[in-house]
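Please examine the sequence and the structure shown here. The explanation that follows starts from a single side chain and then widens to the chain as a whole.

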Amino acid sequence: MPKPKKRGSNHQRGAGGQPRNVQPFSDEDASIETMSHCSGFSDPASFTEDGPEVDEEATQEDLEYKLKGFIDLTLDKSAKTRQAALESLKSAFSSKILYEFIMERRMTLTDSIERCIKKGKSDEQCAAAGLACLLCVQMGSGIESEEIFKTLGPVLKKIVCDGTASIQARQACATCLGICCFIVTDDITELYSTMECLENIFTKAYPRDRDTNGVSSTHNTVLHISALLAWTLLLTICPMNEVKKKIETHLHKLPSLLSCDDLNMRIAAGETLALLFELARETDADFFYEDMELLTEKLRALATDGNKHRAKVDKRKQRSVFRDVLRAVEERDFPTEMVKFGPERMYIDCWVKKQTYDTFKEILGSGMQYHLQSNDFLRNVFELGPPVMLDAATLKTMKISRFERHLYNSAAFKARTKARSKCRDKRADVGEFF
């Protein structure tokens, strides 16, 4: 018979001083804890209509208890444990508003994030940078967030400029630096300093700097993209005199990035150009660009690109983006998009708003709609006003029962199938479609 396992402390070590194989907190545990205690609280509709009523106070206490454990684990000796704890905190912060809980522990969280960025490896640094973004999103713009940024800002800049750090870590820190600065910085000097730091990174992708110490290699492209997008986000909150200077500096250089082999770089450069033209025309209604004909030819070629060596999905995505960019540059037009969240609607009607929305959606993921409903800071950014308060009775009337939802989906499926069958029928009269 096998010998029974001895019960003891998780910190006991085996022969040779090596840690035991069983970790106090594994990646699997992290995902389970996050799914069961965090994600389900983000949306009232996640509970079944006919299920028993949930004690919200007890649920909140249970969540906070789990989060306290995750915060403690960010100081664990095991890198795997620290990273799992950071990821669990990220999932919770993106799916629920935890302002009061975080307010009491903001310094502890800041210290943990700083430690993980300074001493951790690539994956841990990425997770810590992502958590720093969400921490500032939760806290909003205020003195507390400024204190967080004063602590983390220099650390983030150091990693971004450190050529020996991993590209993934530098990329995550560049994004974090831009978002945190956008949220908390009232000091114009700090804003310009941060933009200069990011500018020094993405300008290395310009042709004049290519093939110099390998800075413009494909390996560095993801870093250049993140720095460019973070810089563009900060440009949207700059004073107009500074915007004019940046436009004069970069508007003639950015089109060179449209020839980059990387699809994401081409798209980032195209959307940044559209935003620069939008800002330029806001400052000067008679704004004139000398190389407009050459630029529109490039944009039109990308909007109608049919190169066979490119994947169909990439071509479809590129054509869609550059059709909008071409319209913005040529016709000063923007295709308005509508975003639904709860009973509310938000219209994205300009490139500045689109850039801001896309940035925060990338950070918050599936929690974006919840934060648009409840996060005061995001609502101020998008000018949505105070959160809409709905009572239980109103929420109940807004809900659709599972049976009604099933009937609606069945009807929609049948209608869609009939429409597609009609279009695919070779015997159908072609003329009726014109």
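E271 counts as buried because its relative accessibility is 15%, where buried means under 20% relative accessible area, exposed over 50% and partly exposed in between, with a 1.4 Å probe and protein chains only. This is a predicted model, in which local features need pLDDT of at least 70 and side-chain atom pairs count only at pLDDT 80 or more, whereas totals for chains, interfaces and linings use all residues. Residues are numbered from 1 along each chain as its sequence is written, and side-chain values use heavy atoms, without hydrogens or water.

E271 belongs to helix α11, residues 263–283; helices are DSSP runs of H or I with at least four residues, strands are E runs of at least two, and both are numbered from the N terminus. Leaving aside residues up to four places away in sequence, E271 touches V321, V325, W351 and K354, a contact being heavy atoms within 4.5 Å. With K354, the side chain of E271 also forms a side-chain polar contact at 3.4 Å. Such a contact is a pair of N or O atoms within 3.5 Å; within protein, one must be able to donate a hydrogen and the other to accept it, and residues adjacent in sequence count only if both atoms are side-chain atoms.

Across the protein chain there are 18 helices and two strands. Of its 434 residues, 43% are buried. Among contacts with a separation of 6 or more, 66% join residues 24 or more positions apart.
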